[in-house]
Amino acid sequence: MSAGTVASVDKGVDAGLEKVVAAETVLSDVDGANGRLIIRGHDVGDLAARYTYEQAAALLWSGFFTPEPDAETLARDLGAARAAAFKRLEAHLPDLARLGDVEGVRAALAMSPDGDDLATAIDLAATTAVATAAIARLRAGHPAVAPNPALGHAHDLLRMMRGADPAPAEAAALDAYMVTTCDHGLNASTFVARAVASTRAGLGSAVIAALSALKGPLHGGAPGPALDMLDAIGSPANAEAWITAALDRGDRLMGFGHRVYRIRDPRADVLRRAVSSLPATSGRLALAQSIETVILARLAANKPSRKLETNVEYYTALLLEALAIPRGSFTCLFACGRVLGWIAHAREQLATGRLVRPASVYVGPRPREAA
Ligand code: ACO
């Protein structure tokens, strides 16, 4: 422990802010003790089973915009916004793709005018999807595919990623994924979105900042490495030795542990069901489940004082892999869903919150006292 940390603990600093309540929200409730997630009055599993992306957007954004968004109008406007985003970005796509997946999407978002209205919100959701797909295609050496505004958002996103129409079950699985991950309390990226919105910088600024926070491996960057781990383990027979060596090195196992959940993340089971609805995933799913069992046992033995369970990212990894989405795009796909929540929180902060400005305790040197 560094001297700075000792001073911080002595002064009661809560470095991870876990005990700080920084907002009142009508958007979502993360009940870590009971493993329950409620999004605007719906259990996450019900929402994923019954709502499309457009319906989830209308639900999350309801009360925060004038005119009040409805799912049907949103579907139409999102389609038109995807087409407009593609037209605006097309000539810049090679440069955006060279930046990297998240960095390219972030730069694409920065090319839109900032604002606080519903049209800006729709453009941000549309641009995130169009840039994610086009950049993934270019980075894989394929030409970008233009949107089809008549399709549902999830269906069109998967079609733009693949260059071919997905099966209905595949489009439904991606839709369920994006609805499952559309909002989740004051996670790091959402908190960032609210802090930026509190300065009245605009929705675009809030979303770009939130995406930058999502990128980190402790937040939305975990699913790619979770698959790397599955590949490195390879078979259930290798699991015990591989996991023990990783924990002995002090590595974190990606897709496990959570700041709030002390029992299983409810989204993990929603996504596991979505993966098992897809064809040709049974072998991979069985491998992942047997490795998960070993990991949970090892984590429990290693750290009995801290409940470490499967989080959303483990089954996100399996679902996106089953949909043939490249690993480099996983964080951007997460952003395609979560952008709905970032926008809702930014609007809620503007409507009900204050400028976010926490205090700090100075532990550095002071000027010498005059003699
Ligand atoms: N593997 C191994 N050990 C772990 C893991 C893990 N996945 N998660 C936590 N631990 C250990 C820590 O090393 C720490 O041990 P220590 O007390 O000996 O230092 C102890 O458990 C407590 O960990 P904290 O860092 O206090 O837990 P925190 O609440 O800060 O971490 C986090 C939450 C960042 C998600 C963590 O569990 C982690 O790094 N998981 C792996 C990355 C991951 O899956 N991220 C996605 C999270 S979901 C999302 O953001 C969408």
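Biologist: What share of the chain is made up of buried residues?
Modeller: Buried residues account for 49% of the 371 residues in the chain. "Buried" is for residues under 20% relative accessible area, "exposed" for those over 50%, and "partly exposed" for those in between, with a 1.4 Å probe and only protein chains considered.

Biologist: What kind of model is this, and how are residues numbered?
Modeller: This is a predicted model, with residues numbered from 1 along each chain as its sequence is written. Local features need a pLDDT of at least 70 and side-chain atom pairs count only at pLDDT 80 or more, while totals for chains, interfaces and linings use all residues; side-chain values use heavy atoms, leaving out hydrogens and water.

Biologist: Nice. How many helices and strands are in the chain?
Modeller: The chain has 17 helices and three strands. Both are DSSP runs numbered from the N terminus: helices are H or I with at least four residues, strands are E with at least two.

Biologist: And how compact is the chain?
Modeller: Its radius of gyration is 21 Å, close to the 21 Å given by the globule rule for 371 residues, so the chain is as compact as a globular protein of that length. The radius is taken over C-alpha atoms, and the rule is 2.2 Å times the number of residues to the power 0.38. If you like to picture a box, the C-alpha atoms fill one of roughly 70 × 60 × 40 Å along the principal axes.

Biologist: What share of contacts join residues at least 24 apart?
Modeller: Looking at contacts between residues at least 6 apart in sequence, 75% join residues at least 24 apart. A contact here has heavy atoms within 4.5 Å.

Biologist: Let's pick a helix. How many residues of H7 are buried?
Modeller: H7 is mostly covered, with 19 of its 22 residues buried. You'll find this helix at residues 118–139.

Biologist: How far apart are its end C-alpha atoms?
Modeller: They are 31 Å apart in H7, which agrees with the 32 Å that 22 residues should span at 1.5 Å a residue. The expected span is 1.5 Å times one less than the number of residues. Following H7 is glycine 141, which has a positive phi near 85°.

Biologist: Which residues have a positive phi although not a glycine?
Modeller: Arginine 200 is one of them, at about 65°, and alanine 324 is another, at about 60°. Arginine 200 sits in the loop between helix H10 (188–198) and helix H11 (203–214), and counts as exposed because its relative accessibility is 69%. Alanine 324 belongs to the loop between helix H16 (312–322) and helix H17 (330–352); at 55% relative accessibility, alanine 324 is exposed.

Biologist: Where is there a cis peptide bond?
Modeller: Look at threonine 66 and proline 67: a cis bond joins them, with omega about 0°. Proline 67 is in the loop between helix H3 (53–61) and helix H4 (71–89).

Biologist: Changing topic: how many salt bridges does the structure hold?
Modeller: There are 23 salt bridges. Each has a side-chain nitrogen of Lys or Arg within 4 Å of a carboxyl oxygen of Asp or Glu. Side chains of opposite charge can pair when their charged atoms come close.

Biologist: Which residue forms a salt bridge with arginine 82?
Modeller: Aspartate 156 does, and the closest N and O atoms are 2.8 Å apart. That pair links distant parts of the chain, since arginine 82 is in helix H4 and aspartate 156 is in helix H8 (residues 153–162), 74 residues apart.

Biologist: Is arginine 82 buried or exposed?
Modeller: Arginine 82 is buried, at 0% relative accessible area. Aspartate 156 is buried as well, with 0% relative accessibility.

Biologist: And what does aspartate 251 meet in a salt bridge?
Modeller: Aspartate 251 meets the side chain of arginine 249, at 2.8 Å from N to O. Aspartate 251 is partly exposed at 33%, while arginine 249 is exposed at 55%.

Biologist: Which residues are linked in a network of salt bridges?
Modeller: The network links Asp228, Asp231, Arg284, Glu321 and Arg327. Within it, glutamate 321 pairs with arginine 327, their closest N and O atoms being 3.7 Å apart. Glutamate 321 is partly exposed, with a relative accessible area of 24%, and arginine 327 is partly exposed at 32%.
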